[in-house]
Amino acid sequence: MKAFTTIHSSAIPLPIENIDTDQIIPARFLKATTREGFGENLFCDWRYHKDGSEKADFVLNDLTYSGEILVAGANFGCGSSREHAAWAIGDYGFRVVVSSFFADIFKNNALNNGILPVQVSEDFLQKLFASIQQNPGTEITVDLDNQKISFEGGKASFDINSYKKMCLQKGYSDLDFLLSLREKIGAFEM
Amino acid sequence: MKNIFDKIWDAHIVQSVQDGPDVFYIDRHFIHEVTSPQAFTGLRERGLPVFRPKQTIATADHNVPTEDQDKLIKEALSRLQVDTLVSNCKEFGLELYGLGHPYQGIVHVIGPELGITQPGMTIVCGDSHTSTHGAFGCIAFGIGTSEVEQVLATQCILQQKAQSMRITIDGELGKGVTAKDLILYVISKLGTAGGTGHVVEYAGSAIRSLSMEGRMTVCNMSIEMGARGGLIAPDQTTFDYIKGREFAPQGVDWETAVMKWKELPSDPGATFDKEYHFDAADIEPMITYGTNPGMGLGISQRIPQKEDLASERDGRQLQKSLAYMNLQAGQPMLGQQIDYVFIGSCTNSRIEDLREVAAFVKGKKKADHVQVLIVPGSQQVREQSQKEGLDKILAEAGFFLREPGCSACLGMNEDKVPPGKYCVSTSNRNFEGRQGPGSRTFLASPLTAAAAAVAGKIVDVREYL
């Protein structure tokens, strides 16, 4: 897993609530047996017409917006447990998702793929949306070490448990840690 | 004093990580073809075996066709995924109830019907509807593929303990009101994120009177209010269901197991982080009108107006959903024309569901313009319905029983609802495009779905009973 450092980037805004994982990556794209290439179909049904041409009014097709940060409405990632949603977001090039609320399974899946879910207050989120709308180039800084997110119009702290933070900082995966415990797990089974 | 969730959770901690998650031991792990291939690749890359192969059970369900399962799968990518599962199970020494096996079926239907799912267990699967197994008094939840790999490699995952919630539903469900209506009602009250971060215990007399099938339907949809899992304390109904099943404890082991299971229910006076109470008598047959499972209402009600909603956010969601569904605020749901009916999925494809539908449609016919897809949850459910002659009753009404799989719940196989068409579905999600690109879903109980198929529109099933 790629280690996470401080990110300075503009953002892509998606001010929609309850974005479920079927919107992030529809089920018909889950037939791959590898982890790569899902970014192409990220938000597929919002992003493309049936004939495969781009829908001009969808934000990913709007060249005004770019960046490694996705800013989305509350309850992001609800629905299915498909890790493909996190893979699609990562594969597209996002390292951070900012929202006022995340679904549990998505949050775990994101963290397991080096994507940082930053949970902020609804008020902060709305200010951030407003700022991006006014100036699409709004630069946002996400500082994992100090657990701070800031932009010209505001700053806030965010929570992350210290174990997961360490994993992100060092690029460790849970599996490395669990494998070191196999003897202990064997003893637990007795 | 402990609640049932604490009891099971605490008994499965291998190690606690300071200010971090617990190393959480998993008793049973189910896998299917869609969320497992990358996990096996991970094992292969590290040269790891499966740590406890006997505790993982595999089946093919998401991608499989529901006709001609004895023939080659037509769609190349689906075939590759199913074949990959077969070769992975062979390579790593795992039991597979794949296509052609008499135990094949939807992963959350076969676990319980084989007696693999038992009270007090921790159960995971790369599928959010793993919460279904909580009906037996288990901690059961969906995980991502990285976690599937962790379970395969170590039989553990790292989990932050969830908070606890109790939802008590007392009273008696009315005529024509089922477990599905009960859970759709609860989700409509709590919203799609009302349970996030929590494991829910369902309690109260209305829950106690449900069959195991009904309890599975309730726990199945816990994830639709964001909950990590849902569970119901085991009781005599639970024990009677498990007894004698293929993998259930036998003889002396049975007696010992039941004694242990009887200690699982929450201690009197145990507390929960959150509590809700509902009255079963307030619940009507339910139907959803929007694009998340929280957007449901009693069948006799009208779609709300923006002004009726609690927050601006709900108002925005309403507008967006109604535009997608091509419905109007304030319109009644009764009389809404429909094109498709889907009876199936891990929520409602068990024998009891098929019995209920067959009893209702006996001597009736589906409306000409309605396409009906009826898909049993497993080979065993299919076989049982044939034994009971349900398949014939259904066929006479124009409901042709297909072969088991997830089918039109998520449209990964050929079973899809076409763009713009309305489907009354017994599944669990009405998200945009869930049943096929552009499809429009109304979630309901098997009874309400059957009644809609016959009437050709949404009707109040109580008027037909």
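A salt bridge is a side-chain nitrogen of Lys or Arg within 4 Å of a carboxyl oxygen of Asp or Glu. The views below come from a predicted model, and the structure holds 29 such salt bridges over all chains.

**View 1. A salt bridge joins A:E17 and B:R316.** The side chains of these residues, A:E17 and B:R316, meet at 2.5 Å, N to O. The pair crosses between chains, running from the loop between β2 (11-14) and α1 (21-24) of chain A, where A:E17 lies, to helix α11 (residues 312-325) of chain B, which holds B:R316. A:E17 counts as buried because its relative accessibility is 8%, under the 20% limit, whereas B:R316, at 34%, is partly exposed.

**View 2. B:R316 also forms a salt bridge with B:E312.** Here the side chains of B:R316 and B:E312 meet at 3.7 Å, N to O. Because they are four residues apart in helix α11 of chain B, about one helical turn separates B:R316 from B:E312. B:E312 is exposed, with a relative accessibility of 66%.

**View 3. B:D10 and B:K2 form a salt bridge.** The closest N and O atoms of B:D10 and B:K2 are 3.0 Å apart. Both residues are partly exposed, B:D10 with a relative accessible area of 31% and B:K2 with 33%.

**View 4. A negative surface patch includes residues of chains A and B.** The patch is formed by A:E36, A:E40, A:D91 and B:E45. Of these residues, A:D91 is found in helix α3 (residues 84-92) of chain A and is partly exposed, its relative accessible area being 38%.

How values were computed: Residues are numbered from 1 along each chain as its sequence is written. Chains are lettered from A and ligands numbered from 1 in the order in which they are written. This is a predicted model: local features need pLDDT of at least 70, side-chain atom pairs count only at pLDDT 80 or more; totals for chains, interfaces and linings use all residues. Side-chain values use heavy atoms; hydrogens and water are left out. Patches are made of residues with over 30% relative accessible area and no salt bridge: like charges are joined within 9 Å, nonpolar side chains (Val, Leu, Ile, Met, Phe, Trp, Tyr) within 5 Å. Accessible areas come from the Shrake-Rupley method with a 1.4 Å probe; for residues, only the protein chains shown count as cover. Lys and Arg count as positive and Asp and Glu as negative; His and the chain ends are not counted. The place of a charge is taken as NZ of Lys, CZ of Arg, CG of Asp or CD of Glu. Helices (H or I, at least four residues) and strands (E, at least two) are DSSP runs, numbered from the N terminus. Buried means under 20% relative accessible area, exposed over 50%, partly exposed in between (1.4 Å probe, protein chains only).
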